[in-house]
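Hello,

Here is the structure I promised to pass on. Please have a look, then read my notes below.

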Amino acid sequence: MPIYLYWGDDDFSLSKAVDTLRESVVDPNWSSFNFDKILPDTPDSVISGLNQAMTPPFGLGHRLVWLVNTPLTQHCSPEILQELDRTLPAIPETTTLLFSSPNKPDGRLKSTKLLQKYAQVKDFSAIPPWKTDQLEQRVREVAQQLGVKLKPESVEFLAEAVGNDTRQLYGEMEKLKLYADTIDRPLDIKTITPLIHSNTQNSLKLAIAIREGKTSQALGLIADLIAHNEPALKILATLVGQFRTWLWVKLMLETGTRDDQEIARLAEVGNPKRIYFLKKEVQPLSLQQLQQTLPKLLQLEISLKRGADEQSTLQTQIIELCRLFHR
């Protein structure tokens, strides 16, 4: 009785995993009979899904039942819990039952504990933008998967350019694959830079403009990012990641830590060689200046999530941030 629970906000990675699972268990000739995708707004969606899971497949292959965005790991009625408890142990070997949710399961719920008992749980959370080592590892994995050879500096560039946007990473890598088919060597940074669309690079330039107190340049970058349809919360995530890194490096230096490896570990910088440059970047800044940025960025996040106008809200907070570093 293969049962899975996929959760996380990286919907592209989750969707690809579902496609892979579907291809592995459902005969394509019988897919219309043996693949059931049950949406949360379907009446009695959980009961319907469990009933389908108990139904033998038609023809060849196995049955896949997917309960999309199920609320079971956030809230569950006693009646549904009882039905889960009765049905999950009895799922036939010819059925694969998949639950998915964008939210982290609430480990306190009996329904979550029940699913964890019977299901293979996989986390598809987006990688935090400041965890550069994990972002670079994701780039290497996708490059290997698609057969694209990259030099180490190209891996770092792609991780910075794409951030944690898995959909864009696959799109850019497919583009590089087409180009790489014409040459027989790892792609260097000079080759890939003109080919990669990088809003994240502009968001990093925005962080630098703020750090240098250049208000007009920062506002210009904001206008450019908005014009290229970059989501405000994604811009914010890049700023938070960058200022968090600068703050950690400055804090380590202020407390007497000089070992680059140790600073890289504490600041969650994947490449310790970057610490040399980060030290130079924070040298003219005070610890107090950097400490004041994160509350302002938190206030920006609150405003955006409450539905404030993206461009005007970004502009107002960016001006305030630039004032912190104006020289």
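**Helix packing and aromatic contacts**

Helix H6 (residues 132-146) packs against helix H8 (residues 166-180) at an angle of about 45°, and their axes are 10 Å apart. Please keep in mind that this is a predicted model. At that angle, H6 and H8 are therefore oblique to each other. Their crossing is right-handed.

On the H6 side, the contact is made by Arg 138, Val 139, Val 142, Ala 143, Gln 145 and Leu 146. They meet Thr 166, Leu 169, Tyr 170, Met 173, Glu 174 and Lys 177 in H8. By type, the residues of this H6 and H8 contact are seven nonpolar, two polar and three charged.

Tyr 170 turns up again elsewhere. Lys 16 lies over the face of the Tyr 170 ring, 4.6 Å from the ring centre.

Helix H11 (residues 215-227) and helix H16 (residues 310-325) pack at about 155°, with axes 10 Å apart. H11 and H16 are therefore roughly antiparallel, since angles over 145 degrees count as such. H11 and H16 also cross in a right-handed sense.

H11 brings Thr 215, Ala 218, Leu 219, Ile 222, Ala 223 and Ile 226 to the contact. H16 brings Glu 310, Gln 311, Leu 314, Gln 315, Ile 318, Ile 319 and Cys 322. The residues of this H11 and H16 contact divide into nine nonpolar, three polar and one charged.

Last, the aromatic rings. Eight aromatic pairs were found in a search of the whole structure. Tyr 4, Tyr 6 and Phe 124 make up one aromatic cluster.

Best wishes

Technical notes. Residues are numbered from 1 along each chain as its sequence is written. This is a predicted model: local features need pLDDT of at least 70, side-chain atom pairs count only at pLDDT 80 or more; totals for chains, interfaces and linings use all residues. Side-chain values use heavy atoms; hydrogens and water are left out. Axes are lines fitted to C-alpha atoms, for helices over the stretch in contact, and angles run from 0 to 180 degrees between N-to-C directions. Helices (H or I, at least four residues) and strands (E, at least two) are DSSP runs, numbered from the N terminus. Angles under 35 degrees count as roughly parallel, over 145 as roughly antiparallel, 65 to 115 as roughly perpendicular and the rest as oblique. A crossing is left-handed if the near helix is turned anticlockwise from the far one by less than a right angle, and right-handed if clockwise. Contact means heavy atoms within 4.5 Å. Ala, Val, Leu, Ile, Met, Phe, Trp, Tyr, Cys and Pro count as nonpolar, Asp, Glu, Lys and Arg as charged, and the others, Gly among them, as polar. Rings of Phe, Tyr and Trp (its six-membered ring) pair if their centres lie within 6.5 Å; planes under 30 degrees apart count as stacked, over 60 as edge-to-face and the rest as tilted. A charge sits over a ring if NZ of Lys or CZ of Arg is within 6 Å of the ring centre and within 35 degrees of the ring normal.
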